[in-house]
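Okay, thanks for making time, everyone.

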Amino acid sequence: MAPRKTINQAQAAEIAVKALGLLASEPERLARFLALTGLGPETIRGAAASPGFLGAVLDYIAGDEALLMALVNEMDEKPEIIIQARDLLAPPAAGD
């Protein structure tokens, strides 16, 4: 059995940026993300600089199996790595 791959904070952020790029590459995906987050095209850049934003992007993608699998395929990674990145950037709240 191969050892479990682990990533660091910088790698997690890189995964999240790629995830955001995946969302932005398809207008329908981006529109749904913006609608659910309450962001607009004019506010997303500012929001992206705020703490927790990248974790929220990965949390959003982790909650949508089709998006998660698209990101996994695009990055040639395992879903566990995406979840690990999300947990590094937006740790689950106590009790979750």
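Predicted model: local features only at pLDDT ≥ 70, side-chain atom pairs only at ≥ 80, totals over all residues.

Some of them join up: Asp-59, Arg-86 and Asp-87 are linked in a network of salt bridges.

Let's stay with Arg-86 for a moment. You'll find Arg-86 in helix H6. So is Arg-86 buried or exposed? Well, its relative accessibility is 19%, and buried means under 20%, so Arg-86 counts as buried. Its side chain also makes a polar contact with the side chain of Asp-59, at 3.4 Å. And who else does Arg-86 touch? If we skip residues up to four places away in sequence, the list is Gly-55, Leu-58, Asp-59, Ala-62 and Pro-91.

Leu-58 on that list takes us to the inside of the chain. The largest nonpolar core has 27 residues, and Leu-58 and Ile-61 are the ones with the most contacts inside it. Which elements give two or more residues to this core? Those are H1, H2, helix H3 (44–48), H4, H5 and H6. H1 provides the largest share, seven residues. As for Leu-58, again not counting residues up to four places away in sequence, its contacts include Ala-12, Ile-15, Ala-16 and Ala-19, and also Leu-71, Ile-82 and Leu-89. Arg-86 turns up among the contacts of Leu-58 too.

Okay, back to the charged pairs. Lys-5 and Glu-77 form a salt bridge through their side chains, 2.6 Å from N to O.

Asp-64 and Arg-32 make another salt bridge, and here the closest N and O atoms are 3.9 Å apart. This pair also links distant parts of the chain: Asp-64 is in the loop between helix H4 (53–62) and H5, Arg-32 is in helix H2 (residues 27–37), and they sit 32 residues apart. Asp-64 comes out as partly exposed, with 23% relative accessibility, and Arg-32 is partly exposed with 45%.

Lys-18 and Glu-14 meet in a salt bridge at 3.6 Å, N to O. Both lie in helix H1, four residues apart, and that's about one turn of the helix. Lys-18 has a relative accessible area of 39%, which is partly exposed, and Glu-14 is partly exposed at 46%.

One last spot, and it's about the backbone. Most residues other than glycine have a negative phi. Asp-76 isn't a glycine, yet its phi is positive, at about 55°. Where is Asp-76 found? In the loop between H5 and H6. Asp-76 is exposed, with a relative accessible area of 69%.

That's my tour, so over to you for questions.

Conventions: Residues numbered from 1 in each chain as written. Heavy atoms only, no water. Salt bridge = Lys/Arg side-chain N within 4 Å of Asp/Glu carboxyl O. Buried < 20%, exposed > 50% of the residue type's maximum accessible area, 1.4 Å probe, protein only. Polar contact = N/O pair within 3.5 Å; in protein donor to acceptor, adjacent residues only side chain to side chain. Contact = heavy atoms within 4.5 Å. Core = buried A, V, L, I, M, F, W, Y, C linked by side-chain atoms within 4.5 Å.
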